Amino acid sequence: MNDIFPIFHKLLGRTDKEVLLKQKGTVIWMTGLPASGKTTLAIDLEKALHERGFLCYVLDGDNVRAGINNDLHFSEKDRKENIRRIAEISKLFMQCGIIVINCVVSPTEELRHLAQSIIGGDDFNLVYINTPIEICEQRDSKGLYAKARKGEIKDFTGVNAPFEVPASPALELKTKEHTIEENMKTLVSFTLSKIKV
Ligand code: ADX
């Protein structure tokens, strides 16, 4: 950081943007196994909030990995860098007053704590999409579980790479017990409680 002189303090602040947008910026960070339903809920949440007049942005693991993170793979080191960048990008959007909806596997407590430390405790809302692995594997929307079982992917989360259940998420949505509509209702009201001015 030598010879770097950030000018954040000279710029308009987060509150100026939030007043303009009539909403509070925050980060809804969805964690869960691949094919657990994170992306489906994020798509619907963005639509539901947009219809109510809120400005949102969805950061989806696959989207980000297709662009800014296309130099990263799935080693522990790369997953950490993936999360660090997603958290830093989330912070930029959030400071612009935007509601950031993330769907990122973020498989370990260490990675989620890293994201939380970058974004800040009050703004980091961890939502655990709890879907048993048998159901994720049955769905296998991208055919990746099948590939991992055949040994074609060597570090696939839930099969041959770890997924740690979050110890204290702000919200847990069980997709086996509840319908998408029921979970959406819970998720929308949870988010509204964080973003209304
Ligand atoms: S994370 O582990 O680094 O947080 P991220 O959410 O960005 O994961 O990317 C996960 C997505 O990448 C999955 O939805 C899946 O489509 C794809 N993917 C490809 N290889 C793997 C792998 N080895 N483990 C997990 N996901 C993978």
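Where does the ligand sit? The ligand sits in the largest pocket; on a 1 Å grid over the protein atoms alone, a pocket is an open set of points with protein on both sides within 12 Å along at least five of seven lines, and a molecule sits in one if more than half of its atoms lie within 2 Å of its grid points. Keep in mind that this is a predicted model, where local features need pLDDT of at least 70, side-chain atom pairs count only at pLDDT 80 or more, and totals for chains, interfaces and linings use all residues. Residues are numbered from 1 along each chain as its sequence is written, and side-chain values use heavy atoms, with hydrogens and water left out.

Now look around the ligand.

Next come the polar contacts, pairs of N or O atoms within 3.5 Å. The side chain of Asn82 places an N or O atom 2.7 Å from a ligand oxygen, while a polar backbone atom of Ser106 is 2.8 Å from an oxygen of the ligand. On the backbone of Asp155, an N or O atom lies 2.8 Å from a ligand nitrogen.

Technical notes:
Polar contact = N/O pair within 3.5 Å; in protein donor to acceptor, adjacent residues only side chain to side chain. 1 Å grid on protein atoms, 1.4 Å probe; cavity = no way out; pocket = protein on both sides within 12 Å on 5 of 7 lines; lining within 4 Å.
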